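Welcome! Take a moment to look over the sequence and the 3D view, and then let us walk through a few places together.

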Amino acid sequence: MNYDVIIIGSGPGGYVAAIRASQLGLKTAIVERESLGGICLNWGCIPTKALLKSAQVFEYINHAAEYGIKTAPAEADFAAVIKRSRGVAEGMSKGVQFLMKKNKIDVIMGTGKAKPGNKVEVKSADGSQKELTAKNIILATGGRSKELPSLKQDGKKVIGYRQAMVLPEQPKSMVIVGSGAIGVEFAYFYATMGTKVTVVEFMENIVPVEDEDISKQLLRSFKKAGIEVMTSSSVESVDTTGTGCKVQVKTAAGMQTIECDIVLSAAGVVANIENIGLEETGIKTEKGKVVVDGFYNTNVKGYYAIGDIVGGQALAHVASAEGIICVEKIAGHNPEPLDYNNIPGCTYCTPEIASVGYTEKAAKAAGYELKIGKFPFSASGKASAAGAKDGFIKMIYDAKYGELLGAHMIGANVTEMIAEIVVARKLETTGHEMLKAVHPHPTMSEAIMEATADAYGEVIHL
């Protein structure tokens, strides 16, 4: 069985690469050990958004009186919420199956391993195994929940994000360790559903990769929502011998003990680079990631790697973009290397967070003189009408040339607004051009124009 391309892993990097390879006329196969769509589609991006939407609907109903609507007291059916989320994921997975058939891609179920000599070994669940050959082999094996030494996951009381999506019953209390995207999204979901949530973050600010102003606003919003947040703190141990958990947390003020039903470890992800054939083929790794060039070639000719197992942001849309660039280069095209400084990041708690480019701190460290503008949603007519006044938009420009260095947003639906900035930066749009691009009123997005106007001393509605 000879192929032009074999891809190991069918997440948003792998399956997108497979489709693009097929479109380019390459005979393509994809190897998947579990479910088409990988973690993102089955246990990540998609089902979590379904959970968050249920929480949002529940929150809307509970605050219906604020919109002049009388309702009976709402009651959350936790099992039904989980079931809906799983149904959404299953539907999307079937969609990927359809795309594989439509694009004539061979799907081989089993655990794939790269072998020397352009070969891939596939072990099926029944123990049988076969060997395939391909001119080009792409490793797209993704990542998994990172396990901290002080926080061993047992899958029942100390869990990772995967178990958090399918708990058999809603916990009364939960400690979430880590406040990146996974941590704060689950914090919002469980707190909104009625669980007492405590977030423990090692760094000084929650969502530590974001601009500090964004972190401070989310902290205010979370506290208002009744979520307890402990920053500059670390979980030293968890005692699970009783009915619940006793969590020992080291803080600046000393040790504290928190009792809860469940501890969720949300300290990030680690790359799946074990047992995929790196040692046998001689593929180099560094700091737990596969080393690649700008077109995802490893150091061994004919072997490539994309997604969470290489450097760069561990995001679905990054993996997809890398997959497309990788196979276009294989097919003899001349794609542009990916600009990792123009990758949008989105976090789907309430309020949502979206950002791209430099933070204020990073821009200053890079030596730029800055023009910075902010526009709060409390001054937005659309946000007031929608009852979503939490948050703001912050725009960062280079004072000398007007280059759009970065944008940072927190508020309702900002994840739908960040793409404007990504396109603007790709087109090298200046602050003056952003200011003079007429934005519709009333919209949340006109806050981008207003924040730009603020940076240039021309803001109207502040």
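Helix α3 (residues 45–62) and helix α6 (residues 181–193) have axes that come within 9 Å and cross at roughly 40°. Keep in mind, as you look, that this is a predicted model. Two packed helices are described by the angle between their axes and the distance between the axes. The crossing of α3 past α6 is left-handed.

Which residues of the two helices meet here? From α3 come Thr 48, Lys 49, Leu 51, Leu 52, Ala 55, Gln 56, Phe 58 and Glu 59. On the α6 side, their partners are Glu 185, Phe 186, Tyr 188, Phe 189, Thr 192 and Met 193. Sorted by class, this contact of α3 with α6 holds eight nonpolar, three polar and three charged residues.

Next, find helix α1, which spans residues 14–23. How many of its ten residues are buried? The count is eight, and the helix is mostly covered. Those buried residues are Gly 14, Tyr 15, Val 16, Ala 17, Ala 18, Ile 19, Ala 21 and Ser 22.

What do the buried residues of α1 pack against? Their neighbors are β1 (2–8), β2 (28–32), α4 and α9 (316–330). After α1 comes Gly 25, with a positive phi near 85°.

## A serine in helix α4

Helix α4 covers residues 78–102, and Ser 93 has its place there. Is Ser 93 buried or exposed? Ser 93 counts as buried, because its relative accessibility is 7%, under the 20% cut-off.

The side chain of Ser 93 reaches the backbone oxygen of Leu 36 at 2.9 Å. Leaving aside residues up to four places away in sequence, Ser 93 touches Leu 36, Leu 41 and Asn 42.

## Cysteines without a bond

A disulfide is a covalent bond between the sulfur atoms of two cysteines. How many disulfides does the structure hold? The number is zero.

A disulfide needs sulfur atoms within 2.5 Å. Cys 349 counts as buried, at 0% relative accessibility. Cys 326 is buried too, with a relative accessible area of 0%.

Definitions and conventions. Residues numbered from 1 in each chain as written. Predicted model: local features only at pLDDT ≥ 70, side-chain atom pairs only at ≥ 80, totals over all residues. Heavy atoms only, no water. Helix = DSSP H or I, 4+ residues; strand = E, 2+ residues; numbered from the N terminus. Buried < 20%, exposed > 50% of the residue type's maximum accessible area, 1.4 Å probe, protein only. Polar contact = N/O pair within 3.5 Å; in protein donor to acceptor, adjacent residues only side chain to side chain. Contact = heavy atoms within 4.5 Å. Axes fitted to C-alpha atoms, helices over the stretch in contact; angles between N-to-C directions. Left-handed = near helix turned anticlockwise from the far one by under 90°. Nonpolar A, V, L, I, M, F, W, Y, C, P; charged D, E, K, R; others polar.
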